[in-house]
Amino acid sequence: MPAGVMIPARNMPSVITGNGNVSGFGTSSSGLTLGQIMFQQHNNMMEGQLHPLEMTQNTSESEIARMRDDEFDSTNKSGSENHDLGGSGDDQDPRPNKKKRYHRHTQHQIQEMEGFFKECPHPDDKQRKELGRELGLEPLQVKFWFQNKRTQMKTQHERNENTQLRTENEKLRADSMRYREALSTASCPNCGGPTAVGQMSFDEHNLRLENARLREEIDRISAIAAKYVGKPLGNLPLLSSPVPPRPFDFSAQPVSEEMYGVGDLLRSISAPSEVDKPMIIELAVAAMEELVRMAQMDEPLWIASLDGTTCMLNEEEYIRTFPSGNCPKPNGFKCEASRETAVIIMNHISLVEILMDVHQWSTMFSGIVSKASTMDVLSTGVAGNYNGALQVMTAEFQVPSPLVPTRESYYVRYCKQHAEGTWAVVDVSLDDIRPSPTVRCRRRPSGCLVQEMPNGYSKVTWVEHVEVDDRGVHNLYKNIVSSGLAFGARRWVATLDRQCERLASLLASNIPAGDVGVITNRDGRKSMLKLAERMVISFCGGVSASTAHTWTTLSGTGADDVRVMTRKSVDDPGRPPGIVLSAATSFWLPVSPKRVFDFLRDENYRSEWDILSNGGAVQEMAHIANGRDPGNCVSLLRVNSANSNQSNMLILQESCTDPTASFVIYAPVDIVAMNVVLNGGDPDYVALLPSGFAIFPDGTDSRIADAGGSSGSLLTVAFQILVDSVPTAKLSLGSVATVNNLIACTVERIKASLSCDNA
């Protein structure tokens, strides 16, 4: 199914009119209300390889034999001609005394082989035979053509590299002359006399200039102090400790609506001072060098696992390789390090732009980043791109579960272009510059190396290296956190790969027309995907154990405790106004994550766990595919109520999965509002209260088991219920009990259905 295509539901009549509107429903609310839950609970109690190339030319066997025996001169032909004898090393013909003549390939043969070369520059014997058969060439001719083509590409690459090195050499020579001229006219900062080249080292000269600048800065501050204090700064006592940082003024900073509050660390952070900036730049440059080396080095720095699928950091070798930047880990902290490589469907420049834009970055990784902001921009880059860009940032990293504390970090992000088509983006914590007693996570140089690939693809090597206090993690999640599947490089790369596929489906233009249920309006598909994206961000940010959230345990023991949280929704067009009650719980299932995901996302099984559907049949109206996996899609579902007195319900659902995590997130939507969205209207004014599921592997295996595996799953169930439409109302104990009962019944139904199915 092509990406971005809305396909009709199975065996159901058309419910999308010709103008793209949804029809055939009663009135629907924009969120789950307490009255609906209690009404439906009462009803429940009452009822109990490569494509083959097209052949366009054939060569007879006799002609091939004659071509094999004819002589040719290898010094007179080039360009589009093929040397029948021109290999070297293992590729040479075993009959070196035989001379053969040239054979000029047709334009079609050259085009086909060049197209094949782009996909596979080193074809094996089977591929050469197949290609030769289709093009009417001998396998030996194909072999030598590819050999000559590789030699030609290598020569061209070396020529370009030499040109680039020559240009850089000229630039360095010009800089050297400029520095020499500057040194020849420099004066001594102490005595003011001339300083000739050779009397002091270049580093010493720079230190003297820096001392002179600092002296001027001190004089300027002294003048300001004298103006306000009445006496020179030199007469004042020296401060024994640095001035504490100013509290972060949130009134002057854009704060995301999803934050609901701010953690202890992020609340105490302010933008860096001018004195800190040189140290930050020096730290970022050193971190960039470390990241690139860690991305490119193998053993003994990285030790491969027994199955060769993962690698672990050798901490002793790391300390020997990078001795300058290491300092003792705080008590209770442990090291987490991982590396992952993948090829993704995104241009390298576009990927760098997303990583350096805090809004796009946090949106793309919404399942990992609960909130993020840019505190200061030290450099915007040069030459109209992000080469050399420096940003001081704060971020909170999460696992969507109330059992895993979030990780707050204050760090600098640095972007650099290392060669044509090769970029790197590195993060490193600024805790050494701005110490804080509340820090529980320190980012060592982490980030990614991005290399350009043909056809708009990019090769990404991601390194994640942190020192963290994970003593607050619940025992259920200890394995997945320590294995790196929760915060490690593998989860970052898997999320990036899935989100790039989602973006590709958003940009798809090959939407077939005429099929029932297919939304061909490109603006409508874009608005619907944007609405689903906001729904996912709201769900993930509201279910984690952030320091900004105050969860209250209601009942149960151990991991089955139900945790609730309340908040007021006022003047937010994206949420219905009133008192919103969030409830969440996490538990283990003896079923593979894929099996849990397929069960929860399938509308045919929804009545087995969804109490609010009240036993009604659920039909998929249409959906937008988001990637290669059929589980990655945005769907419009209709719940046909079994009660004739109750109107039908319309549900927006997004399901997404990758090897490290899966989500099924949904929200009731208003039909009138959805018609506006399907016609390309602004989705930001559609009120949503998302609920859903976050599914993770239990971390007992080094790799994720496939559908037939025996690994278990960690499932988080979360609901958001509008308990009162008046924001100033007080929450009643009855409302809390009702929501607690709802989530407990849902968990029991899921366990019963999957246990029976697994048995």
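Helices (H or I, at least four residues) and strands (E, at least two) are DSSP runs, numbered from the N terminus. Counted that way, this chain has 17 helices and 22 strands. What you're looking at is a predicted model, where local features need pLDDT of at least 70 and side-chain atom pairs count only at pLDDT 80 or more, while totals for chains, interfaces and linings use all residues. Residues are numbered from 1 along each chain as its sequence is written, and side-chain values use heavy atoms, with hydrogens and water left out.

Let's start with inside and outside. A residue is called buried when its relative accessible area is under 20%, exposed when it is over 50%, and partly exposed in between (1.4 Å probe, protein chains only). Of the 759 residues in the chain, 48% are buried. The chain exposes about 37500 Å², and carbon and sulfur atoms supply 52% of that. These areas come from the Shrake-Rupley method with a 1.4 Å probe; for residues, only the protein chains shown count as cover.

Now pick out helix α4, residues 125-135. Its buried residues are Arg128, Leu131, Gly132, Glu134 and Leu135. Looking down the axis of α4, those buried residues fall within an arc of 165°, so they line one face of the helix. (The arc is taken from the directions from the helix axis to the C-beta atoms.) The background is simple: an α-helix has 3.6 residues a turn, so residues three or four places apart point the same way. Turned away from the buried side of α4 is a face that carries the exposed residues Lys126 and Lys129. Just after α4 comes Gly136, with a positive phi of about 75°.

In the model, residues 155-182 are 100% helix and 0% strand, with the end C-alpha atoms 40 Å apart.

Next, the interior. In soluble globular proteins, nonpolar side chains tend to be buried together. A nonpolar core here is a set of buried Ala, Val, Leu, Ile, Met, Phe, Trp, Tyr and Cys residues joined through side-chain atoms within 4.5 Å. The largest one has 72 residues, and those with the most contacts inside it are Trp361, Phe365, Phe397, Trp462, Tyr477, Leu496 and Phe663. Helix α14 (residues 522-543) gives the most to this core, with nine residues. Zoom in on Leu496: setting aside residues up to four places away in sequence, Leu496 touches Ile344, Leu351, Met364, Phe365, Val460 and Trp462. There is also a second, separate core of 36 residues, which includes Val564, Val639, Ile721 and Val747.

Which residues does Thr746 contact, leaving aside its neighbours within four places in sequence? They are Trp609, Ile611, Val717 and Phe719, where contact means heavy atoms within 4.5 Å. Thr746 sits in helix α17 (residues 733-758) and counts as buried, at 1% relative accessibility. Thr746 and Trp609 are 137 residues apart in sequence, yet 5.7 Å apart in space, C-alpha to C-alpha.

On to charges. Side chains of opposite charge can pair when their charged atoms come close. The cut-off for a salt bridge is a side-chain nitrogen of Lys or Arg within 4 Å of a carboxyl oxygen of Asp or Glu, and the whole structure has 25 of them. One joins Arg413 and Asp427, whose closest N and O atoms are 2.8 Å apart. Arg413 lies in strand β9 (residues 407-419) and Asp427 in strand β10 (residues 422-429), so this pair ties together parts 14 residues apart in sequence. Arg413 is buried at 3% relative accessibility, and Asp427 is buried at 5%.

Another salt bridge joins Arg502 and Glu654, with the closest N and O atoms 3.0 Å apart. Here Arg502 is in helix α13 (residues 489-506) and Glu654 in strand β19 (residues 649-657), so the pair ties together parts 152 residues apart in sequence. Both Arg502 and Glu654 are buried.

Finally, two spots in the backbone. A cis peptide bond joins Glu299 and Pro300, with omega about 10°, and Pro300 is in the loop between α8 (276-296) and β4 (302-304). Asn455 has a positive phi near 60° although it is a residue other than glycine. You'll find Asn455 in the loop between β12 (446-452) and β13 (458-468), exposed at a relative accessible area of 59%.
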